Amino acid sequence: MKAMIYTEYGTPDVFLKAEITKPVPKKNEVLVKIYATTVTTADVRLRSLNVPRGFGLIIRLVQGLTKPRKPILGSDFAGVVESIGNQVNEFKVGDRVFGSSKTGTYAEYTTIKEEGAITLIPENLSFEEVAALPFGALTSLTFLEEVSDKLKGQSILINGASGSLGTNAVQMAKNYGAVVTGICSGKNVELVKSLGADEVIDYTKEDYLKRGMKYDIIYDTLGIISPKESLSMLNEGGKHLMAVATVPQYYDMFKYNLTKKVKIKAGVALFNKKNIESVAKLAEQIKLKSVIDKIYPLEAISEAHRYVDLGHKVGNVVIKIQ
Ligand SMILES: NC(=O)c1ccc[n+]([C@@H]2O[C@H](COP(=O)([O-])OP(=O)(O)OC[C@H]3O[C@@H](n4cnc5c(N)ncnc54)[C@H](OP(=O)(O)O)[C@@H]3O)[C@@H](O)[C@H]2O)c1
């Protein structure tokens, strides 16, 4: 099969066009012919090893000390089931499916366990639309579910509201009944409002730290608001959710959780069956829409990485494979 592989860490130019063996699904796996995938901020981190302070060695130990162990990057996929293992019950050949794969998706095919983060594509949605969902939606769902019982009628500040995590978070927080304030740059204010934000702060014009506003929840998708800064922006009993945190910030988190009347939480997203099914349901009911910035062909993966590297993408960058 056709794939864009990387055999060394580095700039977006590391990708090479390759013809590699098509995977064969194990007895509990599904083989998916991929129609669309994405370039996520995680892909960019794994390619460049530009990771939050203190995590460099850990990532190398997991991904490969001197070069990547797995040559195919990418996790989001949308496509059609091509074949199934003999113990697969949930899916059949020809099903339209989407989800998050651990075996790489910058290729024509990927395999995934049937009990993994894979589900049927709602009929009303295209491959491109659903490929742009898993990364941002599963991450924001993981963080916001933590506080879902507290969101109705409560105030939430979402930083990075125009990104992949942020565009999903704004919609989800509104679905939970929260009063949403988003932070983004001026050019994305109208988009963030259209996703449901009640108020939008343009960070290029206003320093939100100087506003004197307090919130019940802060969801910082970018790791910009430090635990110390959130102390002055949270109501008593409030919670600061950090999608990105450095090792020193983890230290502050543990310290403040023991000594202050707020809670700070960092962690990793749950890319699992339950969450992808929730996301599919929200998307089917049009309670969650994916935001697509640009679409590239697979051969232009380096160009797509160069664009995501800039840190200004709006929602998601999709790669069309078929
Ligand atoms: N914990 C986990 O399990 C987990 C899972 C997934 C992702 N992540 C992390 O989450 C982070 C965000 O990912 P993403 O994919 O959502 O990023 P993204 O799509 O690149 O979004 C970044 C967005 O934030 C805006 N932005 C840039 N600087 C900003 C600032 N100073 N204040 C407010 N907005 C700003 C950008 O637009 P403008 O520049 O035009 O404003 C852009 O729209 C990544 O670092 C990723 O590694 C963590």
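Predicted model: local features only at pLDDT ≥ 70, side-chain atom pairs only at ≥ 80, totals over all residues.
Reader: Which helix gives the most residues to the shell around the ligand?
Author: Helix H1 (41–48), helix H4 (134–145) and helix H6 (164–175) each supply at least two residues of this shell. The largest contribution is three residues, and it comes from H4.

Reader: How many residues of the shell around the ligand are charged?
Author: The ligand is surrounded by 28 residues, with Arg45, Ser162, Ala269, His312 and Lys313 the closest. By class, the shell holds 11 nonpolar residues and 14 polar ones, and the charged residues number three.

Reader: What percentage of the accessible area of the ligand does the protein cover?
Author: In the side chain of Tyr203, an N or O atom is 2.9 Å from a ligand oxygen, while a polar side-chain atom of Lys187 lies 3.0 Å from one. Ser164 takes part through a polar backbone atom, 2.9 Å from an oxygen atom of the ligand. On its own the ligand has 930 Å² of accessible area, of which the protein covers 88%.

Reader: Which residues do ring pairs link into a cluster?
Author: Rings pair if their centres lie within 6.5 Å, and by this rule the model has eight aromatic pairs. Ring pairs join four residues into a cluster, namely Tyr6, Tyr9, Phe15 and Tyr106.

Reader: Over the ring of which residue does the charged end of Lys294 sit?
Author: A charge counts as over a ring if it is within 6 Å of the ring centre and within 35 degrees of the ring normal. Lys22 lies over the face of Tyr109, 4.4 Å from the ring centre. For Lys294, the charged end is 4.9 Å from the centre of the ring over which it sits, that of Tyr307.

Conventions
Residues numbered from 1 in each chain as written. Heavy atoms only, no water. Near = heavy atom within 4 Å. Polar contact = N/O pair within 3.5 Å; in protein donor to acceptor, adjacent residues only side chain to side chain. Areas by Shrake-Rupley, 256 points an atom, 1.4 Å probe, with all protein chains shown as cover. Helix = DSSP H or I, 4+ residues; strand = E, 2+ residues; numbered from the N terminus. Nonpolar A, V, L, I, M, F, W, Y, C, P; charged D, E, K, R; others polar. Phe/Tyr/Trp six-rings, centres within 6.5 Å; stacked < 30°, edge-to-face > 60°.
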